[in-house]
Amino acid sequence: MFKPAVLCLALTFAVVPVWAEPLNYNVVSFSESAVATVNQDLMTANLRIQEDGANRQSVSNKVTERLNALNARIRNDKALKGALVNRSVYPRYSKQKIVGYTDTAYVRVESKDFQALSKLIAASQNEAAVDNLGFSVSAEKRSEAVNELSRQALKNFTARAKVLSETLGFGGRYKIVNINVQSDFRSYAKAASPMAARMANMEAAGAAPEMNIEEPGTEEIVQTVNGSVQM
């Protein structure tokens, strides 16, 4: 009565290593990549509004007025997107006594229309100073490039897997064991700080400069597929 049960248990135990065995041989690991150079299409300006004075309320009121004027210009141009990054008020001391206050507001403005942002900076020179300028690839454009490069990298991966299978004598047959997709972004932007310095000098001289930006910079996007296949 008990012999069939013992035989069944032995058969079940013997099947386990046979089922797991295929992943232990004829496995090849390799990687393939796809690369594209993308023009930076987003310009970002960090603007600073600052006032100093003996009366805290008066100082804050002046900053608020200048901030409102700047925000009005931003809202009037749909090509611009602005945000108040930070605002702080702190006292100034002399001989351990408060002698005045400094109120500072930081505004970040970005746009795909470089001329529109350049005009805003020029028109707002009495309200805000340029801390720095920068260029980057917009989220939409980067996502589009990443998707296309992912497709290409995966095609390269499967094409190489087939070649390896054929070369090793498996007739182009293979199964993907695991796969991992990685992104790498390398920016090659033109220096923005010298540009900001030139603008600051022109502002000090009473000019209202507008920049003519033709080549803001590029970004190299690399999609790499790492994985293993079994022949």
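Reply: A residue is called buried when its relative accessible area is under 20%, and exposed when that area is over 50%. The model discussed here is predicted.

Me: What percentage of the residues in the protein chain is buried?
Reply: The chain holds 231 residues, and the cut-off for counting one of them as buried is a relative accessible area under 20%. By that criterion, the buried share of the protein chain is 33%.

Me: How many helices and strands does the protein chain have, and in what order do they run?
Reply: The protein chain has five helices and seven strands. Read from the N terminus on, these elements follow the order α-β-β-α-β-β-α-β-α-β-α-β.

Me: Which element gives the most residues to the largest nonpolar core?
Reply: That core has 21 residues, and Leu47, Leu70, Val109, Leu117 and Ile121 are the members that touch the most others within it. At least two residues each are supplied by strand E2 (42-53), helix H2 (56-75), strand E4 (97-111), helix H3 (114-123) and strand E5 (129-136). The element that gives the most, with five residues, is H3.

Me: How many residues are in the other core, which lies apart from this one?
Reply: Phe30, Ala34, Val137 and Ala153 are among the members of this other core, which lies apart from the largest one. Its number of residues is 14.

Me: Is Ser165 buried or exposed?
Reply: Ser165 is found in helix H4, which spans residues 139-167. Leaving out residues up to four places away in sequence, Ser165 touches Phe170, Gly171, Gly172, Arg173, Tyr174 and Met231. Because its relative accessibility is 0%, Ser165 counts as buried.

Me: How far does the backbone nitrogen of Gly172 lie from a polar atom of the side chain of Ser165?
Reply: Gly172 is one of the residues that Ser165 touches beyond four places in sequence. Between the backbone nitrogen of Gly172 and a polar atom of the Ser165 side chain, the distance is 3.1 Å.

Me: What separation is found between the C-alpha atoms of Ala161 and Gln230?
Reply: Ala161 also lies in helix H4, and with a relative accessibility of 0% this alanine counts as buried. Setting aside neighbours within four places in sequence, Ala161 is in contact with Phe30, Tyr174, Val229 and Met231. Although Ala161 and Gln230 are 69 residues apart along the chain, their C-alpha atoms are separated by 9.2 Å.

Terms used. Residues are numbered from 1 along each chain as its sequence is written. This is a predicted model: local features need pLDDT of at least 70, side-chain atom pairs count only at pLDDT 80 or more; totals for chains, interfaces and linings use all residues. Side-chain values use heavy atoms; hydrogens and water are left out. A nonpolar core is a set of buried Ala, Val, Leu, Ile, Met, Phe, Trp, Tyr and Cys residues joined through side-chain atoms within 4.5 Å. Buried means under 20% relative accessible area, exposed over 50%, partly exposed in between (1.4 Å probe, protein chains only). Helices (H or I, at least four residues) and strands (E, at least two) are DSSP runs, numbered from the N terminus. A polar contact is a pair of N or O atoms within 3.5 Å; within protein, one must be able to donate a hydrogen and the other to accept it, and residues adjacent in sequence count only if both atoms are side-chain atoms. Contact means heavy atoms within 4.5 Å.
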